[in-house]
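Student: I would like to learn how to read a structure like this one. Please show it to me, and I will ask about its features one by one.

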Amino acid sequence: MIKAAFFDIDGTLVSLKSKVYPPSTAVALKRLRENGVLLFVATGRSRFEIKSEHLLDGLEFDGYLTNNGQDAYDAEGNLLYGKPIVPKEAAAILEWAEKNGHACWMVSSEKSCLNRCNERVLAAMESIHTRPPALADLHEMLQTPIYKIVLFVTHEEMKEPMSLAPHCRTTQWFDLGRDVISIDGGKENAMADILARYGIPQSESMAFGDSENDIAMLRAAGIGVAMGNATKEAMDAADYVTSDCDDDGLLHALEHFSLI
């Protein structure tokens, strides 16, 4: 019996083409919640992006796992779980980015800021239909816990900054968009923590996703569902592959498992 479900946003709840969730998704989530299943967002985005971009307006959730599971909040915005990056490693990554002229995006519990904007940033943000974050001096942000750093670099360029952060790992969401998170963070770990808080076994959980940063969560859930628009790796990690987000994939999957 499924008691909790976790949903990625981009390409899962929200269409990458239209930037809005399909009407069928709203219907499916409402029916699922009415059937007693707890609903959680599990996204690489921050709370600020979700709110400012109005991505989930009109939908109700019991909690939010943000920044790829680095921090999690209840429906009222209270912090439930946090795995910030080791401060010295966050500072080292920023120093590397500044020295080499790379854009660096940092996210804390209070701010989401960028040191500089370039073509790579614009291309990456366009891919998720989101405005670039505000420009700021990121050295000031280092005074508070940093939950996520985004670097707009190639696979080869990523090797050097990661060598400076042994307690971090990286996950990719765009060709030139890579998240740096703490090694003990991630959607799967945040999901496990939230489930434990509610006394729900992982075998009674369900997760939906479409990208690299969803793979571990799909494997950890009792039922992992990949969208029809998912990467091959995400599909291989899932127990079931539904149709595209734009083709009512979420609704079809919940009906397939007789949850609504």
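Student: Leaving aside its neighbours within four places in sequence, which residues is F61 in contact with?

Tutor: First, how to read the model. It is predicted, so local features need pLDDT of at least 70 and side-chain atom pairs count only at pLDDT 80 or more, while totals for chains, interfaces and linings use all residues. Residues are numbered from 1 along each chain as its sequence is written, and side-chain values use heavy atoms, with hydrogens and water left out. Contact means heavy atoms within 4.5 Å. With neighbours within four places in sequence set aside, F61 is in contact with F7, L13, L29, R33, L39, F40, V41, L56 and A75.

Student: How do I read a nonpolar core, and which members of the largest one touch the most other members?

Tutor: In soluble globular proteins, nonpolar side chains tend to be buried together. A nonpolar core is a set of buried Ala, Val, Leu, Ile, Met, Phe, Trp, Tyr and Cys residues joined through side-chain atoms within 4.5 Å. Buried means under 20% relative accessible area, exposed over 50%, and partly exposed in between (1.4 Å probe, protein chains only). Here the largest core has 30 residues, and F7, L13, L56, F61, M206 and F208 touch the most other members.

Student: Which elements give two or more residues to this core?

Tutor: Elements are DSSP runs numbered from the N terminus: helices (H or I) of at least four residues and strands (E) of at least two. Those giving two or more residues are β1 (4-7), α1 (23-34), β2 (38-42), β12 (205-209), β13 (223-226) and α10 (249-256). The most comes from α10, with four residues. A second, separate core of 23 residues includes A72, I215, L218 and A237.

Student: How do I read a salt bridge, and how many are there?

Tutor: Side chains of opposite charge can pair when their charged atoms come close. The rule for a salt bridge is a side-chain nitrogen of Lys or Arg within 4 Å of a carboxyl oxygen of Asp or Glu. The count comes to 16. In one of them, K187 pairs with D8, the closest N and O atoms being 3.3 Å apart. K187 lies in helix α7 (residues 187-198) and D8 in the loop between β1 and α1, so this pair ties together parts 179 residues apart in sequence.

Student: Are K187 and D8 buried or exposed?

Tutor: K187 is buried, at 1% relative accessible area, and D8 is buried too, at 4%.

Student: What does the pair of R33 and D62 look like?

Tutor: Their side chains meet in a salt bridge, 2.9 Å from N to O. R33 is in helix α1 and D62 in the loop between α2 and β3, 29 residues apart. R33 is partly exposed at 30% relative accessibility, whereas D62 is buried at 17%.

Student: How do I read a sheet, and what is the strand order here?

Tutor: Two strands pair if DSSP finds at least two bridges between them. This structure has an open sheet of eight strands with mixed pairing, in the order β5-β4-β3-β2-β1-β12-β13-β14. The edge strands, each pairing on one side only, are β5 (79-82) and β14 (240-241). β12 and β13 run parallel and are joined by four bridges; M206 stands opposite I223 in β13.

Student: Which strands does α10 touch?

Tutor: α10 packs on the sheet and touches β1, β12, β13 and β14. Its direction makes about 155° with that of β12. Such angles run from 0 to 180 degrees between N-to-C directions, with axes as lines fitted to C-alpha atoms, for helices over the stretch in contact.
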